[in-house]
Amino acid sequence: MGQGRFIAVVGPSGVGKDSVMEAFAAAAPDVALLRRVITRAPEAGGEDYEPVSEAEFAARRDAGAFALHWRAHGLYYGIPSSIDAQLAQGCDLLVNLSRAVLPKAQTRFERFVCLSITAPKEVLARRLAGRGRETAAEIERRLSRSGFEIPEGVPVTEIDNSGTLDQTVQAIQSVLYPVKV
């Protein structure tokens, strides 16, 4: 069994990254979702994450507990160092990342893949409003960042998520597991 792939999933807020990742992991037996550590309140909802205080996050970061960490949208995010053992066992891991940390991830992980989930801005606005986590001003701020470019030198495959979830999962499967003839 070889080294698993670190599959970075990026995209603007509201594009459906969490739903896509969950559906893909359910459809692909050799793929697992990575649970991030976030300084977000546990009742905030959304993805399955480990909520921690800023003090706890800083203590873990200083102790080397994160393979990657970054700040975005006023929160701190961390990828546990335990990811190395999972990858060594041959497991492909889906990881929701910030585009700004992609160059670090590309350098840090030998088998790095980046999927950029996309959808039209009106779809993003509708999804953000529907999840009810942000104010109108916060939604507008997130939408203004939706055009943020992928850092130069990071190989990326775009996946359109404006159709059905099944279509998106099939598109990812064709990229990650192409049929060889």
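Predicted model: local features only at pLDDT ≥ 70, side-chain atom pairs only at ≥ 80, totals over all residues.
View A. Cys-91 is in no disulfide, and its nearest cysteine sulfur, that of Cys-114, is 18 Å away. Cys-114 is likewise in no disulfide. A disulfide needs two cysteine sulfur atoms within 2.5 Å, so the 18 Å from Cys-91 to the sulfur of Cys-114 rules out that pair. Cys-114 counts as buried because its relative accessibility is 2%, against a cut-off of under 20%.

**View B. The buried face of helix 1.** Helix 1 spans residues 17–27. Its buried residues are Lys-17, Val-20, Met-21, Phe-24 and Ala-25. Down the helix axis they fall within an arc of 125°, so they line one face of helix 1. These buried residues pack against strand 1 (6–10), strand 2 (31–33), strand 7 (92–96) and strand 8 (112–118). They also pack against helix 7 (165–176).

**View C. The largest nonpolar core.** This core has 25 residues. Phe-6, Leu-68, Ile-83 and Leu-97 have the most contacts inside it. Elements giving two or more residues include strand 1, strand 6 (75–80), helix 3 (83–88) and helix 4 (102–108). Strand 5 (66–72) is also among them, and gives the largest share, four residues.

**View D. Contacts of Ile-83.** Leaving aside residues up to four places away in sequence, Ile-83 touches Phe-6, Leu-34 and Ala-67, as well as Leu-93, Val-95 and Phe-109.

Conventions. Residues numbered from 1 in each chain as written. Heavy atoms only, no water. Buried < 20%, exposed > 50% of the residue type's maximum accessible area, 1.4 Å probe, protein only. Arc of directions from axis to C-beta. Contact = heavy atoms within 4.5 Å. Core = buried A, V, L, I, M, F, W, Y, C linked by side-chain atoms within 4.5 Å.
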